Amino acid sequence: MNATCSSALLAIDQGTTSTRAILFSAQGEILAARQKELKLLYPRKGWVEQYPVEIWEDTLWACRGVIAYAQKNNIKIAGIGITNQRETSVIWDRETGEPVYNAIVWQDRRTADRCLEIKKSGHEPLITEKTGLLVDPYFSATKIAWMLDHIDGVRTRAENGELAFGTVDTFLLWKLTQGKAHTTDITNASRTLLFNISTQQWDAELLRLFNIPASILPNVSDNVACFGETKADQLGAAYTIGGMAGDQHAALVGQGCFEPGMIKATYGTGCFALMNTGRSHTISKNRLLTTIGYRIGSDICYALEGSIFTAGAAIQWLRDNLGLLTDARQSEAVARSVPDSNEVYFVPAFTGLGAPYWKPDARALITGISRESKSAHIVRAALEAQGYQSRDLIDAMESEFDHARSSGVLRIDGGMAGNDFVCQFLADMLERTVEVPQVMESTAWGAAALAGLYCGLFGGFDDISRNWVCDRRYKPQMTENERHKLYAGWKHAIKTLLD
Ligand code: ADP
């Protein structure tokens, strides 16, 4: 504990697999953290749910733990920021706070047929134009409609104004303020398929199309605002909730990507990349998502978002299914034990290929295996695949946004950012500088930073940028020839897979 840290920020990071509370100093140093794993329920094939009560109770437990630490060490908590798994949907009773059903998680596919119907009836272009998204069960709208149509009495109660909808940020805020605030922030709103990202309002035409009554929707706020105050009987004091943003958007802030063209990518199980596109937004021709990066007062920033379905999961597969590794970290030494991948390519499309290919039915492929191939070549190819997949994605982003080159930087975090080989290969393949921050908890830190802006701990983005400290920086070292040759091999492997 640093004795000079008298003022701190509390971030609630409610993720898909765990709920965490982290106490940060104003410099981004982690002072205390508490975390609990969260249960995922799979009641039927393709269905994924969570208990809203567990989400709430774990949040309370985690917050109480770090608050107790702050009190014991005389640390003043200046404000709370919330960040969350996006799209996951909850509907509850405004009177009792009782959820009408479990939370339907973003991964849930139960509304796939409904989405297909909407696409077939030709509505997707209009929906994409308004929301920047695609018609997919992933987003909240069809999950909400499912609850309205399948749970007894819910539609009538909703139409009577008795029920409230929220993504997890909104649900937690409601609980923390004991029903005083029914509010979401603009980034979470922009993931529902009901929010018009041009007018920055809920869209009446989309509400009609998805058959959702406006009365259940929360207010939409900037990312920095007085969202509400906690109650003394729950957290021991009235703390102001001053910041809120969806996880990937919070990471964009935490990584200090405030300039158009800056990109952050999180390499965990999968990889999520967001590029700040400034005040302008266009609908992607490569089926990337257009989303709101953040809005603070009149300062709005849009972002292009792309995901790679399998990043670290490929290393888990090598470890758990092939037994080539005992630990994910070992992959680095194994990859370096050979000078190159000996023309082995590993396309880890276990659950399909994302942008720019969009082949949900594609499956993984390893090509170029010869009599000389060793397991180390396959491990190396799995790590190199991160560079190639990122190149595909970022090339697609750049093709839609011409300032991209000017930033020339990719800021990364997540488990794989701990792998030096991956970081260097990314820099080489992307021909851009790759930076890894000292504060690796970019998502939670982003939420804390938003709260810090509200409570005056930070005067503006410059203060947050100043606090962003680079831990490791990787410059491209590969020759143009080598890069070209390696990437051409990857493209050939992709072609083989697609053929
Ligand atoms: P998530 O938040 O999605 O659970 P994390 O950011 O914790 O993911 O990262 C874990 C993933 O990263 C795992 O899939 C693991 O295989 C991979 N991983 C972690 N450390 C390394 C490493 N040093 N080298 C390669 N892969 C790693």
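Predicted model: local features only at pLDDT ≥ 70, side-chain atom pairs only at ≥ 80, totals over all residues.
## The open sheet

Six strands build an open sheet. Their order is E3-E2-E1-E5-E14-E13, and the pairing is mixed. The edges belong to strand E3 (30–37) and strand E13 (224–229). Each of these has a single partner strand, so one side of each is left without a neighbour in the sheet. Neighbouring strands are turned against each other by 25° on average, direction ignored.

Start with strand E1 (residues 7–14) and strand E2 (residues 18–25). They run antiparallel and are joined by 7 bridges. Within this pairing, Ile12 sits opposite Ala21 of E2.

Move on to E2 and E3. This pair is also antiparallel, with 7 bridges between the strands. Phe24 has Ile30 of E3 as its bridge partner. The two strands make a hairpin, with 4 residues between them. Gly28 lies in the turn and has a positive phi of about 90°.

## Nonpolar cores

In soluble globular proteins, nonpolar side chains tend to be buried together. In this model, the largest nonpolar core holds 43 residues. Tyr267, Leu318, Leu410 and Ile412 touch the most other members. Helix H13 (residues 375–400) supplies the largest share of this core, with 10 residues.

Another core lies apart from the largest one.

## Salt bridges

The structure holds 35 salt bridges. Three of them are set out below.

| Pair | Closest N to O distance | Relative accessibility |
|---|---|---|
| Glu431 and Arg483 | 3.7 Å | Glu431 37%, Arg483 6% |
| Glu482 and Lys485 | 3.9 Å | Glu482 31%, Lys485 55% |

Glu431 and Arg483 link distant parts of the chain, 52 residues apart. Glu431 lies in the loop between helix H15 (420–430) and strand E22 (433–437). Arg483 belongs to helix H18 (residues 480–498). Glu431 is partly exposed, whereas Arg483 is buried.

Glu482 and Lys485 share helix H18. Being 3 residues apart there, they are separated by about one helical turn. Glu482 is partly exposed, and Lys485 is exposed.

Salt bridges also join into a network. Its members are Arg86, Glu87, Arg191, Asp247 and Glu305.

## Thr167: a buried strand residue

Thr167 is part of strand E8 (residues 163–167). Its relative accessibility is 2%, so Thr167 counts as buried. Which residue does the Thr167 side chain meet in a polar contact? The partner is the side chain of Asp169, at 2.5 Å.

Beyond four places in sequence, Thr167 touches Glu87, Thr88, Ser140, Thr184 and Asn188. Glu87 in turn is a member of the salt-bridge network described above.

## Pro360: an exposed loop residue

Pro360 lies in the loop between strand E19 (345–347) and strand E20 (365–367). At 55% relative accessibility, Pro360 counts as exposed. Leaving aside neighbours within four places in sequence, Pro360 is in contact with Thr351, Gly352 and Leu353.

How far apart in space are Pro360 and Gly387? Their C-alpha atoms are 21 Å apart, and 27 residues separate them in sequence.

Notes. Residues numbered from 1 in each chain as written. Heavy atoms only, no water. Salt bridge = Lys/Arg side-chain N within 4 Å of Asp/Glu carboxyl O. Buried < 20%, exposed > 50% of the residue type's maximum accessible area, 1.4 Å probe, protein only. Pairing = 2+ DSSP bridges. Axes fitted to C-alpha atoms, helices over the stretch in contact; angles between N-to-C directions. Polar contact = N/O pair within 3.5 Å; in protein donor to acceptor, adjacent residues only side chain to side chain. Contact = heavy atoms within 4.5 Å. Core = buried A, V, L, I, M, F, W, Y, C linked by side-chain atoms within 4.5 Å.
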